[in-house]
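Biologist: I'm new to reading protein models. Could you walk me through a few features, one at a time?

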Amino acid sequence: MRVTGAARLGQNGLKSSKSIRSRMPVVGVIGGGQLARMMIPPAVALGIELRVLAEAPDASARLAATAVGDYRDEATVLAFARECDVITFDHEHVPQAVLQALVAAGSAVHPGPDALLYAQDKLMMRERLSRLGVPQPDWARVSTADELAAFLADHGGRAVVKTPRGGYDGKGVRMVSQANEADDWLADGPVLAEERVSFQRELAQLIARRPSGPTQLWPLVETVQRGGVCAEVIAPAPHASDAVERAAAEIATTVANGVGVTGVLAVELFESTDGRVLVNELAMRPHNSGHVTIDGSITSQFEQHLRAVLDWPLGDTEPLAPWGVMINVFGELPPPAIAAALGHQPTVKVHAYGKGPREGRKAGHVTAIGDDLDETVYRARAAAAHFD
């Protein structure tokens, strides 16, 4: 967005001219994946014009793609942003130099580069969370095999090593017990070493924050990982104690306010066997653990994200049923299988991402909501079984 004539920026970073009050606001999304795709229905409902800078013409969010180009190219991103009131993201990979150029050009960027930095670099994330006093696994910046050997010696001979940038869905993560097992990564620079947490389960706490400060939490959820990738989400997290729920809410609120996140923030957590609630990862955008909110909450994470980045009032996040279960589908969702799943389980919702088939790739998800957890899990899994 360029600042011209009477279109001056207000305190919340949006155009304050009369024109923006009399037309649809334009939200630009950088990245054309399934997260951008799932922003389309709430954008339509709210009268928001959604524009997407997609990586390819066949991107998942092609229904709203108004431009195709490289999100790493400053000129491409600036040209896209000129026609938008707010810029937000489908992923966290836009380079800092491009993000800073957007801000310098007068664009309202949510979340901003200063916040996104901590989702882009895991070492910087750990350093910032330490300063905020947020509970997290013991960790160290490791630059040599000798430093990794010392960390292993202090942590029972086992550690988790992560590349600072670029890892997701189990990529860039390695369990090590020997110092030389990370030599290839160390050749490229420092890595993050973490204690191997003995945990009962993994949790996720989602929160939305407006540029003007108000926040809204969803109920804490349990995530089930298989092969380093989220396979199932149960909302709310079964048998979570009041202490665990309070800890998760306090952590998410501290992080959101402490780093100035705007939009949806997902805080992935460990519930350890010794009773700790520890931060594993951060995602500053709608997140896989929040897909259950599309069918299971009064306000989905996608609608809330749009409200938040526009600095509009946040919606109620109460669940629509006592339980919600989301199951990821990998590979492909062929139409005959979708029809079969809907016929077999008519109360279950199927969400296809419009992607070409590829083994191991998230192709969609199914969601069931209900009054009984076991019965809700059964219906969700029975529908998902049609895509095996």
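This is a predicted model: local features need pLDDT of at least 70, side-chain atom pairs count only at pLDDT 80 or more; totals for chains, interfaces and linings use all residues.

Biologist: Okay, rings first. How many aromatic pairs does a search of the whole structure find?

Modeller: The general idea is that a pair of aromatic rings is described by the distance of the centres and the angle of the planes. Rings of Phe, Tyr and Trp (its six-membered ring) pair if their centres lie within 6.5 Å; planes under 30 degrees apart are stacked, over 60 edge-to-face, and the rest tilted. Here the search finds 1 pair. The ring centres of phenylalanine 199 and phenylalanine 270 are 4.8 Å apart with planes at 25°, so this pair is stacked.

Biologist: Where in the chain do those two sit?

Modeller: Phenylalanine 199 is in strand β9 (residues 199-209) and phenylalanine 270 in strand β13 (residues 263-272), 71 residues apart, so to speak a link between distant parts of the chain. Helices (H or I, at least four residues) and strands (E, at least two) are DSSP runs, numbered from the N terminus.

Biologist: Which ring does the charged end of arginine 174 sit over?

Modeller: The rule wants NZ of Lys or CZ of Arg within 6 Å of the ring centre and within 35 degrees of the ring normal. Arginine 174 sits over the ring of tryptophan 185, 4.0 Å from its centre. Arginine 72 does likewise with tyrosine 71, at 5.7 Å.

Biologist: What about the nonpolar core? Which residues have the most contacts inside the largest one?

Modeller: In soluble globular proteins, nonpolar side chains tend to be buried together. A nonpolar core is a set of buried Ala, Val, Leu, Ile, Met, Phe, Trp, Tyr and Cys residues joined through side-chain atoms within 4.5 Å. The largest has 44 residues, and Ile30, Leu265, Leu269, Leu282 and Met284 have the most contacts inside it. Helix α9 (residues 242-259) gives the largest share of this core, 7 residues. A second, separate core of 22 residues includes Val27, Leu35, Leu50 and Ala59.

Biologist: And strands: which ones pair with β12?

Modeller: Two strands pair if DSSP finds at least two bridges between them. Strand β11 (residues 221-226) is joined to β12 by 5 bridges, running antiparallel, and threonine 223 has valine 233 as its bridge partner. These two strands form a hairpin with 2 residues between them, and glycine 227 in the turn has a positive phi of about 65°. In β12 (residues 229-235), 7 of the 7 residues are buried, so the strand is largely enclosed by the rest of the structure.

Biologist: Last one: how many disulfides does the count come to?

Modeller: A disulfide is a pair of cysteine sulfur atoms within 2.5 Å. The count is 0. Cysteine 84 is buried, with a relative accessible area of 1%, and cysteine 230 counts as buried at 8%.

Note on methods: Residues are numbered from 1 along each chain as its sequence is written. Side-chain values use heavy atoms; hydrogens and water are left out. Buried means under 20% relative accessible area, exposed over 50%, partly exposed in between (1.4 Å probe, protein chains only).
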